[in-house]
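This report describes the strand pairing, the helix packing and the relation between the chains. The sequence and structure are shown first.

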Protein chains: 2
Amino acid sequence: MSSKKHTRSAEGEAQFAYQGLDRLIHEHARLSVLTALITNNPGLSFNELKKMCQLTDGNLSRHLAILDEAGLITIFKGIEGNRSLTLCRITSEGRKRYTEYLAVLERVVTDAAGAIRVDTQRKETDKTLRS
Amino acid sequence: MSSKKHTRSAEGEAQFAYQGLDRLIHEHARLSVLTALITNNPGLSFNELKKMCQLTDGNLSRHLAILDEAGLITIFKGIEGNRSLTLCRITSEGRKRYTEYLAVLERVVTDAAGAIRVDTQRKETDKTLRS
């Protein structure tokens, strides 16, 4: 469901719905893979991704296939020396969707961090008043 | 798996594993509910949560039960006037785990936002050089 379908007042009421939290990107393993790829522009090999994201071969393969299918990454299969090499890169569509997702994630962090800070300050004030 | 099991060098290699991204909290609906509860300290009613998080009755009930079972929230059932009222609050354990989760989420945002900023600057420099 696109967030564009919601009216301004519905959006206001649904302050914590975080509609733009793209399910495709939000999943832990895929969020790891895409964050690794967006910060490594020339691309990463299958083995580099496996180490950086601490995923098993099967798990990484499965999530790469999902991201490739959705057009968020491209997978090159080739030969380097005498070894086969799988190289993954984020596409411009992937970069665009990740950037949109990140804006929502930043909103979660801002919403929550503010509340936690206020709560910590309140506890410190209570402590000062009691001492 | 606890992140404490990893050695420093394994953590360094697995830069994008984000081990502390607690699965219980990371799920979209539960992240919405917990963020709403952490920013509304006195607690929220079932209907308020439903509107704020844009969840159906069934979906909200299911996720509240999971969070209650895990000790992250408490659910009070009572009567207000002549209507039944369900009130939810985040527990101190919930607040602690959410705060730990948030620290990891902030790391994702910092990692990715830095890369996106560099990429945007690079494109702007390219544009200036071409013009």
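## The open sheet

In this predicted model, β1(A) and β3(A) run antiparallel and are joined by two bridges; strands count as paired if DSSP finds at least two bridges between them. Helices (H or I, at least four residues) and strands (E, at least two) are DSSP runs, numbered from the N terminus. Within this pairing, Ser45(A) is opposite Leu87(A) of β3(A).

The sheet of chain A is open and antiparallel, with three strands in the order β1-β3-β2. Because β1 (44-45) and β2 of chain A are at the edges with a single partner strand each, one side of each lacks a neighbour in the sheet.

## Helices on the sheet

Helix α3 (residues 28-38) of chain A packs on the sheet and touches β1, β2 and β3 of chain A, its direction making about 90 degrees with that of β3(A). Contact means heavy atoms within 4.5 Å. Helix α5 (residues 57-69) of chain A also packs there, touching β2 and β3 of chain A, at about 120 degrees to the direction of β2(A). Axes are lines fitted to C-alpha atoms, for helices over the stretch in contact, and angles run from 0 to 180 degrees between N-to-C directions.

## The hairpin

Strands β2 (residues 73-80) and β3 (residues 83-90) of chain A run antiparallel, joined by eight bridges. Ile75(A) has Cys88(A) as its bridge partner in β3(A). Two residues lie between the strands of this hairpin, and Gly81(A) in the turn has a positive phi of about 65 degrees.

## Relation of the chains

Chain B superposes on chain A by a rotation of 180 degrees with 0.0 Å of shift along its axis (RMSD 0.0 Å), fitted by least squares on C-alpha atoms of residues with pLDDT of at least 70 in both. The two copies are thus related as by a two-fold rotation axis.

## Conventions

Residues are numbered from 1 along each chain as its sequence is written, and chains are lettered from A and ligands numbered from 1 in the order in which they are written. Local features need pLDDT of at least 70, side-chain atom pairs count only at pLDDT 80 or more, and totals for chains, interfaces and linings use all residues, while side-chain values use heavy atoms, leaving out hydrogens and water.
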